[in-house]
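I opened my notebook to look this structure up piece by piece. The entries below follow the order in which I checked things.

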Amino acid sequence: MADSVLIEGLVVETVVGVYDWERKVDQRLVVDLEMAWDNRVPGASDDVRDALDYAAVSERVTSCLQTLQPQLLEHGAEHLAAELRQAFGIRWLALTIRKPGAVPAAQSVGVRIERGAR
Ligand SMILES: Nc1nc2c(c(=O)[nH]1)N=C([C@H](O)[C@@H](O)CO)CN2
């Protein structure tokens, strides 16, 4: 089953980073998610209760990162993946967190992880 629900380019403003100055300001993170889900069920029922609600997941991503205020993107990604899988019953996900302002010469930097099995 190769179905997915997608969230792309979700912007989250939060405290993030390893340096002292970074603990005093909000910075922009951009989150992409691909989450395995059997879309045949909501496809047949037309009922959002059968779907993986991307609006609810997006709210959870924002609240998780704003509460955690991680030093490393890796820590944010690991924590977020575990929380989303537990809260929404997601078997497999691929998660990218980008920090566009971190390296001025780069368009963006970030991390990508996959957790679970499809
Ligand atoms: N692999 C990582 N490298 C770095 C991170 C990170 O989260 N993961 N973070 C920093 C600093 O916070 C940086 O973003 C400040 O510009 C450095 N390297």
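**Entry 1: Gln27**

I started in strand S2, residues 27-36, where Gln27 lies. I keep in mind that this is a predicted model.

Is Gln27 buried, partly exposed or exposed? I counted 15 other C-beta atoms within 10 Å, so Gln27 is partly exposed.

I then looked for contacts beyond four places in sequence. Gln27 is in contact with Val16, Gly17, Glu22, Lys99 and Gly101. I also looked up Thr14, which is 13 residues from Gln27 along the chain. The C-alpha atoms of the two are separated by 5.5 Å.

**Entry 2: the ligand**

Which residues are around the ligand? I noted Gly17, Val18, Tyr19, Glu22, Leu72, Leu73, Glu74, Lys99 and Ala102. Sorted by class, this shell has five nonpolar residues, one polar residue and three charged residues.

I checked back against my Gln27 entry. Gly17, Glu22 and Lys99 are around the ligand, and Gln27 is in contact with each of these residues.

**Entry 3: the whole chain**

Read from the N terminus, the order of elements is β-β-α-α-α-β-β.

I looked up the extent next. The C-alpha trace spans about 50 × 25 × 20 Å along its principal axes. The chain has 118 residues, and 18% of them count as buried.

How far along the sequence do contacts reach? I took contacts between residues at least 6 apart in sequence. Of these, 59% join residues at least 24 apart.

**Entry 4: H2 against H3**

I turned to a pair of helices. Helix H2 covers residues 54-68 and helix H3 covers residues 73-88. Their axes come within 10 Å and cross at roughly 140°. H2 and H3 are therefore oblique to each other. The crossing is right-handed.

Which residues of H2 and H3 meet? From H2 I listed Val57, Arg60, Val61, Cys64, Leu65 and Leu68. From H3 I listed Gly76, His79, Leu80, Glu83, Leu84, Ala87 and Phe88. The residues of this contact divide into nine nonpolar, two polar and two charged.

**Entry 5: Leu80**

Leu80 lies in helix H3. Is Leu80 buried or exposed? There are 24 other C-beta atoms within 10 Å, so Leu80 is buried.

I set aside neighbours within four places in sequence. Leu80 is then in contact with Val61, Cys64, Leu65 and Leu95.

Leu80 and Ser108 are 28 residues apart in sequence. Their C-alpha atoms are 20 Å apart in space.

**Entry 6: Gln69**

Where is Gln69? I found Gln69 in the loop between H2 and H3. Gln69 has 14 other C-beta atoms within 10 Å, so I wrote it down as partly exposed.

I looked at the backbone as well. Most residues other than glycine have a negative phi. Gln69 has a positive phi of about 45° although it is not a glycine.

Beyond four places in sequence, Gln69 is in contact with Thr14, Val15 and Val16. Val15 is 54 residues from Gln69 along the chain. Their C-alpha atoms are separated by 5.1 Å.

**Entry 7: Asp46**

I found a positive phi at Asp46 too. The value is about 60°, and Asp46 is not a glycine. Asp46 is in the loop between helix H1, residues 40-45, and H2. I counted 8 C-beta neighbours inside 10 Å, so Asp46 counts as exposed.

**Entry 8: Pro100**

My last stop was the loop between strand S3, residues 92-98, and strand S4, residues 110-116, where Pro100 is found. Pro100 has 15 C-beta neighbours inside 10 Å, so it counts as partly exposed.

What does Pro100 touch beyond four places in sequence? I noted Arg28, Val30 and Ser108. Arg28 and Pro100 are 72 residues apart along the chain. Their C-alpha atoms are separated by 7.1 Å.

Technical notes. Residues numbered from 1 in each chain as written. Predicted model: local features only at pLDDT ≥ 70, side-chain atom pairs only at ≥ 80, totals over all residues. Near = placed C-beta within 6 Å. Nonpolar A, V, L, I, M, F, W, Y, C, P; charged D, E, K, R; others polar. Axes fitted to C-alpha atoms, helices over the stretch in contact; angles between N-to-C directions. Helix = DSSP H or I, 4+ residues; strand = E, 2+ residues; numbered from the N terminus. Parallel < 35°, antiparallel > 145°, perpendicular 65-115°, else oblique. Left-handed = near helix turned anticlockwise from the far one by under 90°. Contact = placed C-beta atoms within 7 Å. Buried ≥ 20, exposed ≤ 12 C-beta atoms within 10 Å, placed from the backbone.
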